[in-house]
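Colleague: Could you walk me through reading some features of a protein model? I would like the general idea each time, and then the case at hand.

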Amino acid sequence: MFPSPRPAADDDAPLRLRDLGSLRIDVDGVETTAGGAKPARILSTLLINANRRVSSDGLLQAVWGEQATASAAHTLNSHVWRLRQVMEPHRAPRQPPTYLVNDTGGYRLIVNPDNVDSLRFTQLAEQGDDLLLSGDPARALDRYGRALQLWRGQPFEAVADEEWAAAPIARLTELYAHVNEQRVEALLRIGERDRAIVALEELTARLPYRERLWSQLMLALYQSGRIEEAVGAYRRARELLLDDMGLDPGPELQRLHQRILEQDPTLAPAPAAAPARPPSRAPQLHLPVRLSALIGREAELERLTRLVQRYPLVTLVGAAGCGKTRLAIEVARTAATGSPDGVWFVDLAAVEDPDAVVDAVVSTIGIEARPVGGAAAAVRSYVRDRQVLMVLDNCEHVLPAVRRLLEELLTEDAQCRMLATSREPVGIDGEVLWSLAPLTVRAAADGPSPAAQLFRSKAESLDPTFELTAATAGDVDAICVAVDGIPLAIELAAGRIRSASPAEIRREVTADLAALARVGHQPVEHHQTVDLSIEWSTRLLPEQERTLHTRLSVLPGVFTVEAARAVAGFDPVPPGEVPTLLAQLAHRSLTAVVPADRPGRPTRFRQLATVRAHAARMLATTGDEDLALERRTAWLRELTDRRPGVRTEDTDGWYARVEDNHDTVAAVLHRTLVDEPEPAGTHLTARLAQYWFYWGRMTEGTRFMDAALTASDADPADLALTRLAQAYALALRDRADLAAPLIHEALRSAAAVDTDELVNGLVGAAWCAWVRDSTSLDFIDAEVRARAGNDPATTLYADLLDAKTALRADGPAAVGARAAELLHRSLHQGNLQAAWLCAWLGVLCALLVGDPATGRDLLRRIDDYHRRLGGTLTANLVEFEANFAVLAGGLLEAARLFGRARQLAFRAGTPWPISPATEPMLTQLRAALPPGEYEQAWREGEATT
């Protein structure tokens, strides 16, 4: 049995707010009220504006109206304090509130959609529409049913009498009627006409003026053979509309009535089975490219595919090198039809920090950052409503973390499926194990054994002239027997085919038969056999290649020649010979070549997990391990210290070089921040923060920054810069309230920090808070102004902060002109960072005044500045491209761009949408496009690479 289902609310944020009907607060499953009429009005107002700042004046107006007195502000603060006590009864003294936070001049309710009924209702309705549109009425029916279960009455009941609340209440009320109609539509599509008729009789009585309900009722009755009742339903609808509104039914209802009278054959019921899923909804396969055929695993493939489609968790266990990953990929590809919401491959081989397992899942799938709760909660929310298949590969070294994650995800009501590969079971209830044995080495009656077939396939890929003939078959069979039929060992042996004949390879393999026999007589683990195979492959290496092989083990995942030269290029390995030696190791199948994934980037390398494990064991015996690790840290420190200035162009491609060595960067940070904390960890973190922001790795970056901020002996300047960077990340996640203390602490060490770095950090945090409509960090404006003095660059930033603050008072036209002047000053100073920010201010002003031509021109400049600074394409740039497309009338283009922007934001771990100004554009777009065209274009954008 898997664990019992979790409540709909996020367990990392155990608060649930029920605002569809009388307001209720659920904390850890215990339901209570807001504590009176006024607290209920305060909370309802904040719920209508969830995750947005509400000024104190706005709350006073919502609660007291014109009767607000001078003492009302104090009373408001008291009510807020009591609401916090209700929402977080176990919050420790002096601990910042999680949900209801101060935002300068007001408050902000920070929640996830899962935890608020009105937001969850909207979410489920959108999912149902998407599923119905894509031809999956059964799952759509489930979503609509779950949405309707949340509806208990009038939304935001406590403020329903307020004129300002009419629009959000009307929107939800209309959505409620829409969900009812769509639910009936789903019932009709799966052939449940009797259930649909029962529901429609009740709905037409409760919502009598919605003609779509009457047309659904007429059609359901007609398709059930009740023609007279269908005609009678039309008469009822017509009489009701004439009597109450003085109107005839609309043309669509009239046409349906006429078709029923004529018994139009096209009205005949469709088959009950759900229609085939259109190509646009075929499962997206996020799997490694298939580089070679799967050999000798046909039976396992068939049976494992059935198991994966039947059970929530299947774990493929087996010896190192026995082909678990290759088989898992093929199983996932074959079983994809049962996972319409996508198939994902998460490679954990390079993950050394157990806490990073969840981060790997988040970054692989591209899951939206959440204002409340951690990464595990975000993954849980993502998979709860989706039929996805996730392959977790190479779990053995992080099993406790994988076990915790799967226990979180695989609840009894989960729709996701998991396929894990490991050298041992994950170890949770309900796990189905499949032990993968080595390939059969016994020849079949009609041909060579599977093991020999694999040898032939590998040998032919390296030497197309190789043939498995009667003359070579005996040697090949002997090789496969000697290595126990383990695929990795067979491939390593076949990898020598260009420099040795099968007979020579056989003699080399069997030269150590005594050792193999001794191992075979003992109850040993399979990985030792693979280790012997790798040891045989390395035993005959020249000294320099063998030494390089061992030293490369400190570089996890993918690495560049530059990193390899730095960690391994010392006696007896000349640094200049490292590229050639790497190529030799690749020739011998001891490193894999990773082609460049972007134009102009270098070819990279990696060691297979089992090869790296062998190299690490060898390195530990040579006495070089500590030196190689020290050289690795020193290399990264030297690299980070060459980071370009925060305001200048990245002419040397520094950010791309860091990205090319990402796995090594993560390993060094984990060692210097977690395994063996040292000041170097904080030093590196402070200089890598900009990289995480520019390259969309904020989920990972915030985790390392958290660790760096706990260092006790770090340099004050490094700590200050790290605090500023973390404040930036928090402000972007709507937690400016948590960012403010970090900034104040950083300012205490301001004297030790480079002025450019300090001002850049302050401006970045203030800018993010402003973009997210928070005023909590407005105090930064005065701090920057105080530091300006006669420095033109700092004065420019101070003027820029003044301009963004003036937007509300002076209006977008005036501030747009100021932004253009500031942009000119920035370029005159050669300050690309300031130019980037000034152009963004101009973009927002262009959007607010409805000037797409100016806005698009500025976006092109922004993209140029950002790439010259070292960044890549960002979600916010695509988001504003979409906004201007809406203004220009390019609606389908806008929908595609919004879909792409959302995917980019999720992958980067940034909020979506980034700007509140996007919300009305989305509303306008949805209203202007037919739902089918809107959804189709959106999905096309999501699929854009």
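**Strands, helices and charged pairs**

Modeller: Happy to, and keep in mind that this is a predicted model. Let's begin with strands β1 (residues 15-18) and β2 (residues 24-27), which run antiparallel and are joined by four bridges.

Colleague: What is the general idea behind strand pairing?

Modeller: Strands of a sheet pair through backbone hydrogen bonds, in either a parallel or an antiparallel way. Here, Arg18 has Arg24 in β2 as its bridge partner. The hairpin of β1 and β2 has five residues between the strands, and Gly21 takes a positive phi near 120° there.

Colleague: Which strand does β2 join through three bridges?

Modeller: That is β3 (residues 30-32), and β2 and β3 run antiparallel. Val27 stands opposite Val30 in β3. Their hairpin has two residues between the strands, with Asp28 taking a positive phi near 55°.

Colleague: What is the order of the strands in the open sheet of three?

Modeller: The order is β13-β15-β14, and the pairing is antiparallel. β13 (558-559) and β14 (592-594) are the edge strands, each pairing on one side only. Between β14 and β15 (residues 604-606) there are three bridges in the antiparallel sense, and Val594 stands opposite Arg604 in β15.

Colleague: Now helices, please. How are two packed helices described?

Modeller: By the angle between their axes and the distance between those axes. Take α6 (residues 166-189) and α7 (residues 193-206): their axes come within 8 Å and cross at roughly 155°. That angle makes α6 roughly antiparallel to α7, because angles over 145 degrees are counted that way. The crossing of α6 past α7 is left-handed.

Colleague: Which residues make the contact?

Modeller: From α6, they are Tyr176, Asn180, Arg183, Val184, Leu187 and Leu188. From α7, they are Arg193, Arg195, Ala196, Ala199, Leu200, Leu203 and Arg206. Sorted by class, this contact of α6 with α7 has eight nonpolar, one polar and four charged residues.

Colleague: And how should I think about salt bridges?

Modeller: Side chains of opposite charge can pair when their charged atoms come close. With a cut-off of 4 Å between the side-chain nitrogen and the carboxyl oxygen, the count comes to 70 salt bridges. In one of them, the side chains of Arg939 and Asp130 meet at 2.7 Å, N to O.

Key: Residues are numbered from 1 along each chain as its sequence is written. This is a predicted model: local features need pLDDT of at least 70, side-chain atom pairs count only at pLDDT 80 or more; totals for chains, interfaces and linings use all residues. Side-chain values use heavy atoms; hydrogens and water are left out. Axes are lines fitted to C-alpha atoms, for helices over the stretch in contact, and angles run from 0 to 180 degrees between N-to-C directions. Angles under 35 degrees count as roughly parallel, over 145 as roughly antiparallel, 65 to 115 as roughly perpendicular and the rest as oblique. A crossing is left-handed if the near helix is turned anticlockwise from the far one by less than a right angle, and right-handed if clockwise. Contact means heavy atoms within 4.5 Å. Ala, Val, Leu, Ile, Met, Phe, Trp, Tyr, Cys and Pro count as nonpolar, Asp, Glu, Lys and Arg as charged, and the others, Gly among them, as polar. Two strands pair if DSSP finds at least two bridges between them.
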